[in-house]
Amino acid sequence: MKTNLNVDTQALREKILDLAMRGKLVKQDAGDQPASVLLEKIKAEKVELVKEGKIKKSKKFPEITDDEKPFDIPDSWEWVRLGDIVTVAGGKRIPAGLKMTTENTGHVYIRVSDMKNGTIDTSNLMYISEDIFSLISKYIINEDDIYITVAGTIGKVGIVPKELNGANLTENADRLIFRNLNQIWLKDSLESIFIGRQIEGATTKVGQPKLAIRRIQNLILPLPPLAEQKRIADKVSELFKQVDVIEKNVAEYQDLEQAMRSKLLDLAMRGKLVDQDPSDEPASELLKKIQAEKAELVKEGKIKRSKKLPEITDDEKPFDIPDSWEWVRLGDITIITSGGTPSKSKKEYWESGDIPWITPALMGKAKHKTYKGETGYINKNGLSNSSAKLIPKNSIVYSSRAPIGHINVVPFDYTTNQGCKSVTPINENIDFLYYTLMQQTPNIISRASGTTFKEISGSKFAETPIPLPPLAEQKRIADKLTRFFEDLDTIKQNLATVS
């Protein structure tokens, strides 16, 4: 079972961009030319480009109201609409009946699927013929521009690498054209949560999601002085590199932690984690006691007599165990109970319920050895009118489908649905049994069957071969594993705190 460190690197990146948008990431410099002067330059240049016929004149954008300004910005900054500082131009679809090709024609056609990680993935580029290019030659994107996806996948932004300067652009993305702005600063700003929320609100939801050019133009953002834009972009880059290091360390620790847990469990099940004590009563005697107690429970009518399980073959024994241990099947030494679900149509089974009801989905949220997750509830009528059984506290609940392998020790009486198996120990150390099932999960999964989803049946689950140590040694193994795993959890928490 793979663990996750509590380090949300995506949230760290979002916080960095949020600080950048508010003017709190770098200091302001009184020597910077204010954004108001920069804005006038941009507007004057846009007017000139319209006169030259290089861009189309856009409609006047509405004034930005105070209600649209969610936070204060430095005095040298200005609130602007995106259309005030950039020109938005669309891409173009390939004419009907014509197709792209993998042959390098010299005319790259950039698709949304190529737009990854703020740039263009060149590993699977498509091209258009000279004939198609002649029909859509105006719909290109340059290295100085920024792309933004506007159909299906909405709001991904990035920069085109130099080698793709002048490539044709899909109709599912738009091109942002600008001068007198720092390109990296603008891309980072468009990736902020502040802009993301605006884009989400501006996207039409009927049919395929789309983001119209006019709605892109109406997005608002704070504009810093040009010199500060570069300082912000540099600082964001520096901090993102540090986040990348954290992310790499987290991933490496997760792999290492998983390997360490697996190795510790493997050593424990081979009898190599703690020393054997010659004075311990051997597992063969423990097994006799367990079998006698099961027989007594059958006589008392507390459990049903189970079918005799097959002998364990040498092929089923993957490693040697100490002489004082025994290979046994899980069903020989425990009581295994499958779950059930009362009729959903009978609301009275679920109303005023006081019997905890556990499902694999709820178990997935319970990250501890001892079950601390939420539970559903049924009542006694629901229990008596279904195949569900009341399981005694300090049993183990094990998810046997969708997915297989969630496992907890439950400290209260409970019942489960069909996606779980419950394991009630008989003269075994509950913690040792928990760790045994954890170590055996790959074996259990390998014997599961099913097409829609994999499931381990009750009979297959009962046949799981496990090594059984003397009872005293079970406790020593479980205690040592618990200490080791607690140490790993402490390291994990400390790494998260430092991060």
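Helix axes are lines fitted to C-alpha atoms over the stretch in contact, and the angle between two of them runs from 0 to 180 degrees between N-to-C directions. The model is predicted. Within it, the axes of helix α1 (residues 9-21) and helix α8 (residues 226-269) come within 10 Å and cross at roughly 170°. A search of the whole structure also finds 27 salt bridges.

**Packing of α1 against α8**

- Angles over 145 degrees count as roughly antiparallel, and α1 and α8 are therefore roughly antiparallel to each other.
- The crossing of α1 and α8 is right-handed.
- On the α1 side, the contact is made by Thr 9, Leu 12, Arg 13, Ile 16, Leu 17 and Ala 20.
- On the α8 side, the contact is made by Ile 232, Val 236, Leu 239, Phe 240, Val 243, Asp 244, Ile 246 and Glu 247.
- By residue class, the contact of α1 with α8 divides into 10 nonpolar, one polar and three charged residues.
- Arg 13, Asp 244 and Glu 247 are linked in a network of salt bridges; Arg 13 belongs to the α1 side of the helix contact, and Asp 244 and Glu 247 belong to the α8 side.

**Individual salt bridges**

- Side chains of opposite charge can pair when their charged atoms come close.
- Arg 93 forms a salt bridge with Glu 171, and the closest N and O atoms are 3.6 Å apart.
- Arg 93 lies in the loop between β2 (87-90) and β3 (108-110), and Glu 171 in the loop between β10 (167-169) and β11 (173-177), so this pair ties together parts that are 78 residues apart in sequence.
- Arg 93 counts as exposed at 52% relative accessibility, whereas Glu 171 is partly exposed, with a relative accessible area of 25%.
- Asp 121 and Lys 116 meet through their side chains in a salt bridge, at 3.4 Å from N to O.
- Asp 121 counts as partly exposed at 26% relative accessibility, and Lys 116 is partly exposed with a relative accessible area of 40%.
- Arg 270 and Asp 266 likewise meet through their side chains in a salt bridge, at 2.9 Å from N to O.
- Arg 270 is partly exposed, with a relative accessible area of 27%, whereas Asp 266 counts as buried at 18% relative accessibility.

**Surroundings of Ile 136**

- Ile 136 is found in helix α4 (residues 130-136), and at 2% relative accessibility Ile 136 counts as buried.
- Leaving aside residues up to four places away in sequence, Ile 136 touches Lys 92, Arg 93, Pro 95, Tyr 109, Ile 128 and Asn 168.
- One of these neighbours, Arg 93, is the partner of Glu 171 in a salt bridge.
- Ile 136 and Arg 270 are 134 residues apart in sequence and 69 Å apart in space, taken from C-alpha to C-alpha.

- Most residues other than glycine have a negative phi.
- Ser 352 has a positive phi of about 55° although it is not a glycine; its place is in the loop between β14 (334-338) and β15 (355-358).
- Ser 352 counts as exposed, at 73% relative accessibility.
- Asn 427, also not a glycine, has a positive phi of about 60° and is found in the loop between β20 (420-425) and α13 (430-446).
- Asn 427 is partly exposed, with a relative accessible area of 35%.

Terms used:
Residues numbered from 1 in each chain as written. Predicted model: local features only at pLDDT ≥ 70, side-chain atom pairs only at ≥ 80, totals over all residues. Heavy atoms only, no water. Helix = DSSP H or I, 4+ residues; strand = E, 2+ residues; numbered from the N terminus. Buried < 20%, exposed > 50% of the residue type's maximum accessible area, 1.4 Å probe, protein only. Salt bridge = Lys/Arg side-chain N within 4 Å of Asp/Glu carboxyl O. Parallel < 35°, antiparallel > 145°, perpendicular 65-115°, else oblique. Left-handed = near helix turned anticlockwise from the far one by under 90°. Contact = heavy atoms within 4.5 Å. Nonpolar A, V, L, I, M, F, W, Y, C, P; charged D, E, K, R; others polar.
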